[in-house]
Amino acid sequence: MIKDLTVGPPGKALRNFSLPLLGGVIFQQMYNVADSLIAGKMIGEDALSAVGNAYEVTLIYLAFAFGCNIGCSVVISQLYGAKRIRELKSAVSTNFLFSGALTLLLMVLGFLLMPSLLRLIRLADSIRPAALEYLNIYTAGLLFLFFYNISSGIFSALGDSKTPFWFLACSSTANVFMDILFVRLFPHRGVGAVAWATFLCQGVSCVLAVVTVFRKLRTLECEEKPKLFDLAILKRIIRIALPSTLQQCFVSLGNILIQSIVNGFEGAVVAGYAAAIKVNGFTTTTISTLGTGVSNFTAQNLGAGKPDRVRRGMKSGLGLMCAVALVFSLVYVIFRTPLIGLFMKEKGSAALDVGCEFLLIVAPFYILVAIKLCADSVFRGAGAMTLFMATTFTALFLRVLLAFLFSRFWGSTGIWLAWPVSWMMSCSLSAIFYFSGVWKKAHL
C-alpha cells in the first residue's frame with residue numbers, strides 16, 4: 001500500500017511505516033547470518049573464517065547497491081511528497097537503467113580483482129580458495145542484489161514498507177532451508193553450496209520485487225508520458241547516491257583494513273571475529289534500516305514544504321531506534337555465549353571466547369549508534385550530504401586508527417575497544433550538526 005507520510009500524526013505515521021522495516025531487516029540479515037552459521041556449524045571454523053572474510057568484501061558491492069537504493073528513494077520521496085508523478089516514474093526507470101550498467105561494470109571488476117584483494121588482506125592460503133569461490137558466486141548474482149535493493153527503496157519512498165517485508169520474510173526463510181539442503185546434498189562444495197543457495201533465493205526475490213514495483217507504479221496516474229531516461233533526474237539521484245555510496249565504500253574499506261589486522265592473529269581470533277561481526281552487523285544494520293524510515297519521512301515532508309513535522313518525526317524515530325538498541329545490548333551481553341556458540345562446530349573453543357569478548361565490549365554502546373544514525377538519517381533525507389559524510393568518515397577514520405593503535409598495546413582486545421571509543425566521538429559530532437539546524441537549508 002502506498003502511504004503519504006506528510007499527513008497524520010508524525011509519530012504514528014513514522015512508527016507504522018518503520019515497524020515493517022524492522023521486521024524486514026531482521027529477515028534480510030538472516031541471509032548473511034545463515035551463511036556463516038551453517039558454514040561454521042556444518043562445515044567447520046575454516047569455512048566460517050572464509051565466509052567471514054568474504055562478507056567484508058561483499059560490503060563493497062552492498063555499498064553501491066545501498067547508494068542506488070538511497071539515491072532513488074530520497075528523490076522519489078521528495079517527488080511523491082510534491083505530487084510530481086511524471087518525474088517520479090522517470091526517476092524509477094532512470095535508476096534501473098543506470099544501476100544495470102553499474103552492476104555489469106562491478107561484475108567485471110570483481111571477477112578480475114578478487115584474487116588480488118584476498119591476498120592483500122593477508123587471508124591464509126588454507127582459507128583463500130573457499131572465500132574466492134563464495135565471492136565469485138556472489139558476484140555473479142549482483143544484478144539480483146542491486147535490483148532488489150532499488151525495488152525496496154522505491155517501496156519505502158512511496159510509504160510502502162510492508163511489501164518488501166513479505167518478500168524478505170519468505171526469501172530469507174527459504175534461504176536458511178536451502179543452505180542446509182545444499183550443504184547436505186553437495187558436501188564436497190563446502191561454502192560454494194551455501195553461496196549457490198543464497199544466489200537462487202535472492203534471484204527469485206528480486207524478480208518478484210521488480211514486477212511488483214512496476215505494477216504499483218501503474219496505479220499512479222500522470223497526464224504526460226514519463227521519460228525512460230532523464231539526465232537531470234539522474235544527476236539528482238547521483239547527488240544523493242554518490243555520497244552514500246562513498247560513505248559505505250569507505251566503511252567497507254575500513255572493515256577490510258580491520259579484517260587485515262585481525263587476520264594477523266591466530267586462527268581462533270579470525271573465526272571468533274567472523275562470528276561476532278555477523279552478530280554485531282545484525283544490530284547496526286537493523287538500526288540503520290530504521291533510519292531509512294526517518295530519511296524517507298524527512299524527504300517527503302520537506303518535499304511537501306512541512307519542515308515542522310520533521311523534528312517531531314525525528315523524536316519518534318529516535319525513541320524507536322534507541323529502544324531497539326537497548327534490547328540488542330541486553331540480549332547480547334546476557335546471552336553472548338550461546339549466540340556465538342551457534343556458529344561453532346565445537347563447544348568450548350578459543351574462537352568462542354574471542355567472539356564473546358567482542359560482544360561484551362561492543363554491545364553496551366549500541367545506543368550511541370542509534371543516536372548517531374538517527375541524526376544522520378535526517379541529514380540524508382534533507383539532502384545535507386556534506387554533514388552526513390563528515391560524521392560517517394569521522395567514525396570510520398577513528399575506528400580504523402584506534403584499532404591499529406590499540407592492537408599494539410592490548411592485542412585483539414584493543415581492536416574491539418576501537419568500536420565504542422569511535423562511536424562516542426562521532427555521535428557527539430552528529431548531535432552538534434543536528435541541533436545546529438543547518439540541515440534544514442539543504443533539501444532540494
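The model is predicted, local features need pLDDT of at least 70, side-chain atom pairs count only at pLDDT 80 or more, and totals for chains, interfaces and linings use all residues. Residues are numbered from 1 along each chain as its sequence is written, and side-chain values use heavy atoms, with hydrogens and water left out. Helices are DSSP runs of H or I with at least four residues, numbered from the N terminus. Axes are lines fitted to C-alpha atoms over the stretch in contact, and angles run from 0 to 180 degrees between N-to-C directions.

Helix 13 (residues 366-382) packs on helix 14 (residues 385-410) at about 150 degrees, with the axes 7 Å apart. Helix 13 is therefore roughly antiparallel to helix 14 (an angle over 145 degrees). The crossing is left-handed, meaning that the near helix is turned anticlockwise from the far one by less than a right angle; clockwise is right-handed. Contact (heavy atoms within 4.5 Å) joins K372, D376, F379 and R380 of helix 13 to M385, L387, F388, T391, T392 and A395 of helix 14. By class, these residues are five nonpolar, two polar and three charged. Nonpolar covers Ala, Val, Leu, Ile, Met, Phe, Trp, Tyr, Cys and Pro; charged covers Asp, Glu, Lys and Arg; the others, Gly among them, are polar.

Helix 13 also meets helix 15. Their axes come within 9 Å and cross at roughly 35 degrees. This crossing is left-handed. On helix 13 the contact includes K372, D376 and F379. On helix 15 it includes W423, M424 and F433. The contact has 13 nonpolar, two polar and two charged residues.

Helix 15 (residues 412-436) and helix 8 (residues 231-262) have axes that come within 10 Å and cross at roughly 155 degrees. The two helices are therefore roughly antiparallel. Their crossing is right-handed. I258, I261 and V262 of helix 8 touch I415, W416 and W419 of helix 15. The contact has six nonpolar residues, with no polar and no charged ones.

A pocket is an open set of points on a 1 Å grid over the protein atoms alone, where a 1.4 Å probe fits, with protein on both sides within 12 Å along at least five of seven lines; lining residues have an atom within 4 Å of a point. The lining consists of I60, F64, L117, L120, I121, C249, L253, I256, L257 and S260. Helix 2 (45-81), helix 3 (85-120) and helix 8 each give two or more residues. Helix 8 gives the most, with five. The lining divides into nine nonpolar, one polar and no charged residues.

How values were computed. Angles under 35 degrees count as roughly parallel, over 145 as roughly antiparallel, 65 to 115 as roughly perpendicular and the rest as oblique.
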